[in-house]
Amino acid sequence: MNCSGCSYVQPIEDQGTVSLRPLSSSLENLIRQQSYDTYIMEDICSISYQSREQMLDIMHWVRSLPEEITSCVSVGLLGSDDIGGEPVWLPLSVFVNRLQHDDVVEIIRQKQFTSHMQPIVNQHEQVIAYEFLLRPIIDGPTFQPYRLFDIAHQTGLHSFLDRAARISAIETSAQYLQPGIKRFINFLPSSIYNPQYCLSHTFAAIERLHLNPKDFVFEVVETENIVEMPKLQNIFDVYRSNGISVALDDVGSGYSKPELIDHLQPDYVKIDRSLIDHCDISAEKQQKIIHILQRSQNHGSTVLAEGIERREEYDFCRSIGIELAQGYLFGKPAEYPRQMLG
């Protein structure tokens with residue numbers, strides 16, 4: 001069993017076959033009018049190509065066909081060494097997006113990224129945790145993390161990228177952090193089709209590296225509209241059943257509404273930087289922050305203020321009882337951790 005998108009990471013080889021299914025009579029007639037080297041079996045047509053350019057020409061022709069013929073068509077690609085195997089089938093639109101963004105897809109496929117760490121401090125400004133953030137590797141291709149995830153969605157690779165990013169963070173934490181230091185790691189709910197299966201790689205990595213699950217906090221990113229509350233609650237339950245804490249990220253902005261605190265009762269609540277910015281001089285922001293804090297305290301959730309850049313912002317947050325803080329005031333994301341601030 002695979003999560004959607006987890007397995008489609010094969011490179012596009014210079015020789016192989018493009019397969020199309022289901023093969024309607026209309027599509028078959030159009031294919032036979034071309035000069036392609038084809039093999040038809042039941043409702044699948046496999047078209048051989050001898051170069052990447054020829055494969056792109058084939059796909060350009062398929063894209064030019066009437067939508068009523070191709071709307072239900074899926075595409076499978078096999079390199080010459082894999083002929084006879086079973087391709088991973090993708091909707092035509094997803095496959096086309098993969099071709100259009102092949103440079104970014106290669107970054108994802110080859111895992112040309114690493115994890116940087118941003119410190120999280122307590123009320124005494126001691127570093128007690130780090131958040132792990134995806135960044136380019138040294139001397140590797142550059143990218144914006146948000147664009148990487150956006151293209152991963154378009155190309156059906158978001159589950160693979162999300163899983164790889166989680167494991168990268170776990171491995172980086174094992175290399176640099178001592179036991180007892182918390183590790184905050186993002187995850188995309190939409191990438192987890194079946195929590196027991198999709199998260200098994202995460203739990204296996206923690207076990208393989210002999211790490212303590214209690215040192216990990218997995219947080220829901222704000223960029224996803226949380227519409228399947230029972231599914232997300234199930235994900236939280238699976239994390240917790242494996243000894244891992246959970247967090248609600250970017251609360252107070254976008255889709256991450258304060259009401260979610262009541263539904264999910266997370267172990268940690270991270271207040272979005274848009275509320276923290278100049279909160280010391282904004283009565284409206286102060287009221288919203290206090291509301292989130294009180295709501296969190298009702299469920300025993302620890303509150304963290306994100307995006308603190310000014311001492312005045314931190315002083316206000318600390319004065320109302322917010323326990324944890326994160327932001328450029330304490331350190332930017334870096335390849336190596338700062339254990340103590342001085």
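Guide: Let's start with a term: on a 1 Å grid over the protein atoms alone, a pocket is an open set of points with protein on both sides within 12 Å along at least five of seven lines (a cavity is a set where a 1.4 Å probe fits but cannot get out), and lining residues have an atom within 4 Å of a point. Grid points are joined across faces, edges and corners, and a volume is the space filled by probe spheres set on the points. What you see is a predicted model, where local features need pLDDT of at least 70 and side-chain atom pairs count only at pLDDT 80 or more, though totals for chains, interfaces and linings use all residues. Residues are numbered from 1 along each chain as its sequence is written, and side-chain values use heavy atoms, with hydrogens and water left out.

Visitor: OK, how much space lies in the largest pocket?

Guide: Rolling a probe the size of a water molecule over the atoms shows where empty space is left. For the largest pocket, that space comes to about 940 Å³.

Visitor: Which residues lining the largest pocket are closest to its centre?

Guide: The elements giving two or more residues to this lining are strands E6 (113-121), E7 (127-136), E8 (182-187) and E10 (245-251), plus helices H6 (145-154) and H7 (158-176). Helices (H or I, at least four residues) and strands (E, at least two) are DSSP runs, numbered from the N terminus. Out of 32 lining residues, the closest to the centre are Glu-131, Leu-133, Pro-145, Asn-186 and Val-221.

Visitor: How many residues in the lining of the largest pocket are charged?

Guide: Asp, Glu, Lys and Arg count as charged; Ala, Val, Leu, Ile, Met, Phe, Trp, Tyr, Cys and Pro as nonpolar; and the others, Gly among them, as polar. By that scheme the lining of the largest pocket has 14 nonpolar residues, seven polar ones and, as charged residues, 11.

Visitor: And which residues are closest to the centre of the second largest pocket?

Guide: About 310 Å³ of space lies in this second largest pocket, and E1, E2 and strand E3 (44-49) each supply at least two residues of its lining. That lining divides into seven nonpolar, seven polar and two charged residues. Of its 16 residues, the closest to the centre are Ser-19, Tyr-39, Ile-44, Ser-46 and Gly-85.

Visitor: What order do the five strands of the open sheet have?

Guide: Two strands pair if DSSP finds at least two bridges between them. E1 (residues 16-21) and E4 (residues 74-79), for instance, run antiparallel and are joined by six bridges, with Val-18 opposite Leu-77. The edge strands, E2 (38-41) and E5 (90-91), each pair on one side only. Pairing in the sheet is antiparallel, and the order is E2-E3-E1-E4-E5.

Visitor: Back to E6: how many of its nine residues are buried?

Guide: E6 pairs with E7 in the antiparallel sense over nine bridges, and two bridges join E6 to strand E13 (residues 324-326), also antiparallel. Pro-119 stands opposite Tyr-130 in E7, while Ile-120 has Gln-326 of E13 as its bridge partner. Buried means under 20% relative accessible area, exposed over 50%, and partly exposed in between (1.4 Å probe, protein chains only). E6 is mostly covered, and its count of buried residues is eight.

Visitor: Glu-306: buried or exposed?

Guide: Glu-306 is found in the loop between strand E12 (302-305) and helix H14 (311-319). Not counting residues up to four places away in sequence, Glu-306 touches (heavy atoms within 4.5 Å) several residues, including Glu-131, Lys-270, Arg-273 and Gln-326. Its relative accessibility is 4%, so Glu-306 counts as buried.

Visitor: What about Glu-171, what is its relative accessible area?

Guide: Glu-171 is found in helix H7. Leaving out residues up to four places away in sequence, Glu-171 touches Arg-208 and Leu-209. Glu-171 is partly exposed, so its value falls between the cut-offs for buried and exposed: 37%.
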